[in-house]
Amino acid sequence: TPRVGSAKMRVTVLAVALGLVPACMAFTGVTPGARMGLKAPSMRSSLASSARRSAPLPHASLSMVAATGPEATAKALPDYSEWKDLSQAPPFSLKDIQESIPKHLWEKNPTKSMYYLLKDVAIVASLLAVAVLANNPLVWPLYWLAQGTMFWALFVVGHDCGHGSFSNSKALNSVMGHLTHSSIMVPYHGWRISHRTHHANHGNVDEDESWYPTSKADYDELTQATDVMGRIGNWVRFSFLGNLLAYPLYLMNRSPGRQQGTHYDWNFTQEKEGPGALFKDNESGMIKTSTACLWAMVALLAGVGAKFGAAFLFNSYIMPYIVFVMWLDLVTYLHHTDNELPWYRDPEWTYLRGGLSTTDRDYGILNGVHHDIGTHVVHHLFPQIPHYNLCDATEAVKPLMGPYYRQPEKSGFLPFHLVPQMWRFVKECKYVKDDGSIVYYQNAEGKVTSSEEGAKKLYSAQERA
């Protein structure tokens, strides 16, 4: 680890850096900019399907109440007093949810987006300065945890770029997305394209791109595998630690049950043909660009290691990167995995019902640090809403959604409650049956542990825990 100046200088810089971190985190946003008109998600066919198939069930009655918000008018909200089966189509449409969100929450403000990015960069730099100046074996592990969390925050800003919610400029979104994601070894366009597929097919057992349930047939194949790759796949998919380290392996080879292929391959050697292909031919230039940016980052890291030593590279970047991967996997796993939630296949699947099979989580003090990514349901339905408006948008839709919005467990100061939650889901959410248009997770003994009415209707008492 490099030495930096005299002891007096180190103490002075350390004090400044320590003061900068809470100052950056406490500083709040800026005024909104130009308004973005209301726009439905790009998955036009899915939206049309959702609107057709989301009509109220016969026993759903409506009551007139006043909606909230400055632009709101009186709306008819469902009466959920006798509503029980949340696996069925809800008594509202995607358009109803869209119209319940005030117009100003759809506005993209590039100045505000840039502020959050620069704040994250300032905190990243400050944390590195503190760790380098302290150069203490007790400080480095704390740095790993804090910096890995900030790498995750940078990912979320790049995630907004990928959805086009950072700004209305495709060029600005691409530049900022490449800067943020390449710095943490994520192939921006490769991820953006596969993530678009994930959003377009969320909640669909057969078509979703990431964190979808394993079918019983695939579960049996993975758990009985004797080859090296099969055993690795079994460990990654069905163990607690494996799920926390899955992301780099997903980028290299996708997930079980899908065509194998890599987010870095512009030659499409494994996935050029067929409906399950990850990329299209006309996207090869974008994949090349993102992969070239990653090679540039690899070269930079190699230079850092050559200049300051492998130990410095390990402490300053590699360990925070591992923490970042764990954050990404923890958050995305918990937003898409829950023994209570239904999953769908055609003909029951719609874009709306699939989005409602995601769930929000509370991260305590870290909600603001990683840009309120815990407000996941509204984000999945309307990914064009900027992250800084997601909390207000979620509050706006709750009266309409009623029990279809599953209130997350309240976090303490830090979200330690999520660790036992994930541990339980890893045990209870192993696979879903190979057929059926509405299914619930089953555990290793084949038992459904969901307490929801839909699970009770679909599975016999012998099939439920």
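Where is the place of Pro347? Keep that question in mind as you read these notes, and look for each residue in the structure as you go.

1. **The loop with Pro347.** Pro347 sits in the loop between β3 (343-344) and α14 (351-355). This is a predicted model, and in it the peptide bond from Asp346 to Pro347 is cis, with omega near 5°. That is worth a look, because most peptide bonds are trans.

2. The pLDDT averages 85 for the protein, and 82% of the residues score at least 70. Over residues 1-73, however, the pLDDT is below 50; in the model this stretch has 131 contacts beyond near neighbours in sequence.

3. **A backbone detail at Asn135.** Next, find the loop between α4 (110-134) and α5, which is where Asn135 is placed. Asn135 is not a glycine, yet its phi is positive, at about 45°. As background, most residues other than glycine have a negative phi.

4. **Helices α6 and α7.** Two packed helices are described by the angle between their axes and the distance between the axes. For α6 (residues 170-182) and α7 (residues 188-200), the angle is about 110° and the axes are 9 Å apart. The two helices are therefore roughly perpendicular to each other. On the α6 side the contact involves Asn173, Ser174, Gly177, His178 and His181, and these meet Tyr188, His189 and Trp191 of α7. By class, the residues of this contact are two nonpolar and six polar, with no charged ones.

5. **Helices α8 and α9.** Here the packing angle is about 120°, and the axes lie 8 Å apart. Angles of 65 to 115 degrees count as roughly perpendicular, so α8 is oblique to α9. From α8 come Tyr219, Leu222 and Thr223, while α9 brings Gly230, Gly233, Asn234 and Phe238. This contact has three nonpolar residues, four polar and no charged.

6. **The largest pocket.** How much space lies in the largest pocket? The value is about 1,000 Å³. Its lining is made of 48 residues, and the closest to its centre are Leu249, Tyr250, Arg254, Ser255 and Pro256. Several elements give two or more residues to the lining, among them α5 (139-163), α7, α8 (216-223), α9 (228-238) and α13 (310-336). By class, the lining has 20 nonpolar, 20 polar and eight charged residues.

7. **The largest cavity.** The count of cavities of 30 Å³ or more comes to two. The largest cavity holds about 60 Å³ of space. Around it you can pick out Trp211, Arg237, Phe238, Asn243, Tyr333, Thr337, Val426, Cys429, Lys430 and Tyr441. Six of these lining residues are nonpolar, two are polar and two are charged.

Notes
Residues numbered from 1 in each chain as written. Predicted model: local features only at pLDDT ≥ 70, side-chain atom pairs only at ≥ 80, totals over all residues. Heavy atoms only, no water. pLDDT = per-residue confidence, 0-100. Contact = heavy atoms within 4.5 Å. Axes fitted to C-alpha atoms, helices over the stretch in contact; angles between N-to-C directions. Helix = DSSP H or I, 4+ residues; strand = E, 2+ residues; numbered from the N terminus. Parallel < 35°, antiparallel > 145°, perpendicular 65-115°, else oblique. Nonpolar A, V, L, I, M, F, W, Y, C, P; charged D, E, K, R; others polar. 1 Å grid on protein atoms, 1.4 Å probe; cavity = no way out; pocket = protein on both sides within 12 Å on 5 of 7 lines; lining within 4 Å. Points joined across faces, edges and corners; volume = space filled by probe spheres on them.
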